[in-house]
Amino acid sequence: MREYLQIEFDRKDRTYRVGETVSGKVLISSPRGDQCKAVQLRRFWRTHGKGNVDKGQPTVTRLQSGPLSTQHLNEFQFEFPAPPGPYTYHGHLLNVDQYVEVQVDLPWARDSKKVEEYVLLPGMPVAPPLS
């Protein structure tokens, strides 16, 4: 069995607004899964572009403690409230993005990691007033 690590969001466009729930699943297969110590999900924001870069403190959730099955694809659901910010922004000099990262902790080996980006927009749109 070949190693496989994938993050799938419940929305194809990966776009969420503040106040909504970001959710999806992590799919893992590994011939060394029986040696896995833990599977962790981190969510954080990061800036990139010209000038100084910055990164928010990650929020860590443990999806699995202990070994994984080596016989089949392991699937773990995740969900968390969309953070209050910073919102996704792509400008000429600066970009701000939100990320989900999965790390498979393997003893005495390089940990497997996968990072995926999602879009965070301001809160729920307000309906226009009725005339």
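Ring pairs tie Phe9, Tyr16, Phe78, Phe80 and Tyr118 together into one cluster. Keep in mind that you're looking at a predicted model. The protein has nine strands and zero helices, and a buried arginine without a salt bridge is worth a look too.

**The aromatic cluster**

- The protein has seven aromatic pairs in total.
- Take phenylalanine 9 and tyrosine 16: their ring centres sit 6.4 Å apart with the planes at 50 degrees, so this pair goes down as tilted.
- Both phenylalanine 9 and tyrosine 16 are buried.
- Phenylalanine 9 also pairs with phenylalanine 78, and here the centres are 6.0 Å apart and the planes stand at 90 degrees, so this one is edge-to-face.
- Phenylalanine 9 has a relative accessible area of 11%, and phenylalanine 9 counts as buried because the cut-off is under 20%.
- Phenylalanine 78 comes in at 6% relative accessibility, so phenylalanine 78 is buried as well.

**Arginine 43**

- You'll find arginine 43 in strand 4, which runs over residues 38-49.
- Arginine 43 is buried but makes no salt bridge.
- The nearest side chain of opposite charge belongs to glutamate 79, and that is 11 Å away, while a salt bridge needs the nitrogen and the carboxyl oxygen within 4 Å.
- So who does touch arginine 43? Leaving out residues up to four places away in sequence, the contacts are Gln57, Pro58, Thr59, Phe80, Pro81 and Tyr99.
- One of those contacts, Phe80, also turns up in the ring cluster.

**Overall build**

- Reading along the sequence, you get β-β-β-β-β-β-β-β-β.
- Along the principal axes, the C-alpha atoms fill a box of roughly 60 × 40 × 20 Å.
- Of the contacts between residues at least 6 apart in sequence, 66% join residues at least 24 apart.

**Surface and charge**

- The protein has 131 residues, and 38% of them count as buried.
- Its accessible surface is about 8,200 Å², with 51% of that belonging to carbon and sulfur atoms.
- On the charge side, there are 17 positive and 15 negative side chains.
- The centres of those two sets of charges lie 4 Å apart.

Conventions:
Residues are numbered from 1 along each chain as its sequence is written. This is a predicted model: local features need pLDDT of at least 70, side-chain atom pairs count only at pLDDT 80 or more; totals for chains, interfaces and linings use all residues. Side-chain values use heavy atoms; hydrogens and water are left out. Helices (H or I, at least four residues) and strands (E, at least two) are DSSP runs, numbered from the N terminus. Buried means under 20% relative accessible area, exposed over 50%, partly exposed in between (1.4 Å probe, protein chains only). Lys and Arg count as positive and Asp and Glu as negative; His and the chain ends are not counted. Contact means heavy atoms within 4.5 Å. Accessible areas come from the Shrake-Rupley method with a 1.4 Å probe; for residues, only the protein chains shown count as cover. The place of a charge is taken as NZ of Lys, CZ of Arg, CG of Asp or CD of Glu. Rings of Phe, Tyr and Trp (its six-membered ring) pair if their centres lie within 6.5 Å; planes under 30 degrees apart count as stacked, over 60 as edge-to-face and the rest as tilted.
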